Each structure stands twice: as C-alpha cells, then as structure tokens.
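Thanks for coming. I will keep this short; please look at the sequence and the model while I talk.

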Amino acid sequence: MDTKNYSRHIELNNAVILDGFWSDVQKTVNSKVIPYQYEALNDRIENAEKSYCVENFKKASEIVRRLRNGEKPPVYPVDKWCYDENNSDENAFHGWVFQDSDAYKWLEAAAYSLQREFDSQLYDRCTELIDIICSAQMENGYLDTLYIINDRDMAFSNLRDFHELYCFGHLAEAGVAFYYATGNKRLIWAAVRFADLICEVFGENGKAGYGGHEIAELGMIKLYEATGKEEYLKAARLFVDRRGTRPFYFDIERGITTDGLGYKYNQAHLPVREQNEAVGHAVRGVYLYSAMADLSRLTNDDSMYEACMRIWENITQKKMYITGGIGATVDGEAFSFDYDLPNDLAYCETCASIGLIFFARRMLEIKANAQIADTVERALYNTVLSGMNIDGDRFFYVNPLEVLPKASREDSRKHHIKTTRQKWFGCACCPPNLARLIGSLGEYCYTENDDTVFVHQYIGSSVQTKFGRLDVKSHYTENGHIEITADCQRPFTLALRIPSWCDEYKISANAEIKDGYAYVGITEKCELLIDFELKPRLVKCSNLVRENTDKLALCYGPSVYCLEAVDNGDNLQLLKLDLSTDFECGYTWCTQSNMPIPTVVANGFREKPDERLYSDFASSKQIPCKLTFIPYRFWSNRGETEMSVYFRYTE
C-alpha cells in the first residue's frame, strides 16, 4: 500500500447534489420515502407487515423505568429470530431480533435529509424518536430491546445469531450522522455509552467475541473518527482480527467443537487475511469487507488490503450480476459458487448492492481505480434504484433478472421473487438502507488528497474542495456531456474517471491516463468539457455462466435495460434480437406515475409457439417484430408483468 495514493471522501456538507436525475431521486426520498417509512416504523401503514420497531423501544423504556424503581420485570424466552402475537406474550419483544436497526437507519437517512435542507417537522420527529430510544437505554449503556424486554441476563450470550452488535453498529452510524447534520449530541452519546460497554466486555482482556452479522466494526470506526477515541478503532480491529480464529468463538458460545466451515455464512470460517473468496450471507460479507478496507487504510495494513483485493476480484469477476446485484441464492441470502448466477432464482438483496457500494468507496480511498468506481455506478443505477418504485412508497427486497409471475406464485423455489414492489416488510432492512444511501450520495462521488481531486461519479453537484470549488453540470445519462468549472485557489490535479462502457470520449484539456482516470493539471480558474459517447451496446456474459449461454444484455451508458411483457407480449423467451438492427432511443409513458420512461427499440423476431413438448428438429418459424427495452430500474412500475434482462439473438 502506498499512502500517497490515499484519498478521503468529501464530506456531505461540501458536496451538494444539483443533478436533474439524482436531485429528483433525493427529493422523492425526502418527500415520500422518509415520511412513509416513519409511518411504517410506527405500524400505521394499512395492510402492510407490522414493524413493531417503535413499539419495542417503548416497551423497553417501560422495563428500564421499572428497573430503576427496584421492580423485577417478567422474563420471556429469547429463543427465536422472529416474534409476533402468535408465538410470544403480548408484552414481550415482537419482530425480528434486529428490529432496532430499522429505527437507526431511518434516523441516519433523516439526518442526511436535514443536512441538505432543514425541516423543523422532520427534526421534531427525529428528536421524539431519539427521546424514546434513549429512554430505553440501561444504566450501564446497554441498548438492545430484545434482551431488555425479554431477559436482561441473557445479553451478549448469542453473538452469532441475535444481532446486538449489529444493532449497535447502526446506532453508532445514526448517532454520528445526526450529530454532524444538526449538532444534536443525544443519539451519539447513547452510542458512545453503548460502545464503552462493548469495549469493556469485548476488549483485549474481555470476551474474544465478534458479531454474527457485521457492522459493529464500521460503527466503531465512525465513532473513532467522530470522537478521536482510540479505543473504538482498537475495538473494530479486535472484532476483525478475531474473526475466524481458533478456537471459534461461536463454538465457545455453544460448548462444541467444529471445523468452522458452518461459519462461512458469517465469514468466520477463516481468519480474514486468509480469505480469498466472498462467501456466506452477502450483506454480512460486504459490511465486513468495508470495515477491512477502512482498517487497511487507517492502520496501513498491507495483508488486510491484499485480502480485500482478492475478495473484490472474486465478487466482481465471478459473483456479480450485470446489474451490480450480489448474493445469488435465497439459501442464506448468500454468495454462491463462482459463475453461479441464475437469473430467475437470483436473490440480489437491495442491501447487498448498497453494501457493495460501501466496500467500493473505501477501496477507492486506498487507491483510485476506475473498475472499482464503475462497480459503484453499476450497482447504483440498476439494483439500488430497482429497490424502490418511482413514487417512493413500494420496495423490492429481492432484485431478480428474470420474472414470470405465475412461477413466483406456483413454484416454491421462486416464492422469494416478488413480482410487484411491497408496501413494507417484517424484515425491512432494505427500504431504510436505500434511503440512507441516496441521502448520503454526495460522499460517493468525490475523494481528495493533498494534490488531487478524484471524480468517481458524474453527478451534477457543487463541491467545496481544499483547492477551491468545483461546479459540475452533468447530462451524463442523457447524452454523456459534462461541464466542470474549477474555481482554482491553488494548483491541483483533477482525476476524471473514464467509464468502462465508453469507447470514445473527449476532454477539453491534455490528460494523462492512469488506472482508468484522466489526470488533468489545474492551475487557474477554468472550465472543462467532457463528452462520453453514449450509445446502446450489447454485452455478453462469460460462457461459464450456464444460464446466459448464447444470450445478450442491452446496456445504455450506466443503465442495464430489460424487456417487459407489457411492451413486448408474453413469453419473452420466444424473442430474438436481430443483430443487424439499428437502435432507436425514445420514451414510453408510465401512466401510473405520470412520467416518461426511456426506451430503446430494436428489430427482432418472435418465434411461433410450438405446443408439442417434443418433435424432430426443424427451424422454427420467426415473425419480425419490434423489441422495446426499458431501464431495469423501472421494471414493474406499470403493473405486474413478465421481465427479462437477457435475451436470445440471431445473426
């Protein structure tokens, strides 16, 4: 690792999004998603799955009040991942064991919204919720409603399964974000109190434990950066260094001895520096890898960075969908084996792509590499945006690349594939995670070091750097044109990512190309004009991916496109693209949301259906037709319909 290559993301208050495309998305998050999710957390969405989240904090607050009065509250079982009115007492904890985290992610998203534009009503809602949360915190700093409500004596007894450290991680991230956005310290002090207890229990002389679902590591790192307390950085390092070492801590919890292979799900089967492959639960994995990347940079740890690079290459070269989706299998919401990327069974949890973006940003802070920034773009414009409808009140947890509605209803292997976005989920990690990423988008566009500003994402914005202000006007998704005005206060270098989808580009200045970036020297106030050739292109998949042999996908700039039956008729598998076609770019109208959706129209053929199950080979009859493609992120915004990203073709 060369520290000269290090850079740091530009803080959110110094990178204001002013982009026609992304400003609209952020406005939707601010005006629709955040208020809607607040109602969901309070169980006020009609016919939606209950959250129980705020209800649990109120129950825990009452338990804490009774404990302070010397009373002995009742004890309930702590033996399941999910509790409801049918399997637990009405006064016990309800919901998933990680339910607290939904409130923290919502508060983090709200904090980013407040940082962009202060809203007194939203601030009051936040402080009201923070008051409820803090009233549920125990005297020693412990804060997890499952154990506070059900059985205080069982705290920290099942780190593998029951998510106390995971919930702490999200509490820490929310506390830091809310403090930076508003100056209000109450939530960050609650996180600090809990962090101090965790350091005491799991410090160098304490239990050698670590969380079954990673993110406490990232939370500790954020608290370290906000407070300067070295104990938090040490705690993050301990959690990572202990992971996968023998004797396995999860064995110790259970009083058994195993070979550790069962802990692949938790990325705890091997010490992290010996891991070469992304395995197990995909969200847990990318949260761990994000922390590893942060620690590599903060502690100049070459061996940990090398592990990060091996894992990064494995994900992006062998285990990532063209949409930036990761986690191919519903079994464990997990990474599968290399090149196992089924389209119609794909899991591709929204949270997993968000976590991949977290990992990528931290890798870019170690060394700028266009392939890594390309992956951010791929996930952001496709899987992440697919996770929310145009109106911001329906959500996907799972993001497949091929959907047949009848199969989702009748085939148990595909029950996890929803054909329309849902109002809410009992396990609702994805909607608030999406909101907090979109709210903090400015942190993913730029990094800077002592002599260079790196432009990783071409999103229109006003950016205050240490060298002066950059004003970026972007028509990136429309025609590939970007204008950058640099108000240079002292000389610096501007590094401009060249997207992998672009074969031809023009930059109105001399540039040196390195690792996929064009480096331009800036010595005075100037304007740069950048043009990336934007055109439809056909992309093939490795022939080691069995499902996509002799199939193609259509991409246009950063966007993957798909076919929907609403435009092309049923049985999309009968369609073939004519490779000699010209592409016509245009729009179709989405009446449900009263807005245009981009289209690419091409010539193709529809095979005549053959109802004979088997017959002697003969060339099928093909009828000329038009194929209409729309951006993948917009699928299922016009009602339930068949969808496919990959398609056949004919010479």
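Predicted model: local features only at pLDDT ≥ 70, side-chain atom pairs only at ≥ 80, totals over all residues.

Residues are numbered from 1 along each chain as its sequence is written, and side-chain values use heavy atoms, with hydrogens and water left out.

Salt bridges, then. I use the term for a side-chain nitrogen of Lys or Arg within 4 Å of a carboxyl oxygen of Asp or Glu. Searching the whole structure gives 47 salt bridges.

Take lysine 80 and aspartate 79: their side chains form a salt bridge, with N to O at 2.9 Å. Lysine 80 is partly exposed, at 24% relative accessibility. On that scale, buried is under 20% relative accessible area, exposed is over 50%, and partly exposed is in between, with a 1.4 Å probe and protein chains only.

Next, aspartate 301 and arginine 273, whose closest N and O atoms are 2.7 Å apart in a salt bridge. This pair links distant parts of the chain, 28 residues apart: aspartate 301 is in the loop between helix H11 (282-299) and helix H12 (302-318), and arginine 273 is in the loop between helix H10 (249-254) and H11. Helices here are DSSP runs of H or I with at least four residues, strands are runs of E with at least two, and both are numbered from the N terminus. Aspartate 301 counts as buried because its relative accessible area is 8%; arginine 273, at 27%, is partly exposed.

Aspartate 515 is partly exposed at 33%, and lysine 367 is partly exposed at 34%.

Now the sheet. Six strands make up an open sheet of mixed pairing, in the order E1-E6-E7-E11-E14-E13. Strand E1 (8-9) and E13 are the edge strands, each pairing on one side only. Two strands pair if DSSP finds at least two bridges between them. E13 and E14 run antiparallel and are joined by three bridges. Lysine 514 has tyrosine 517 in E14 as its bridge partner.
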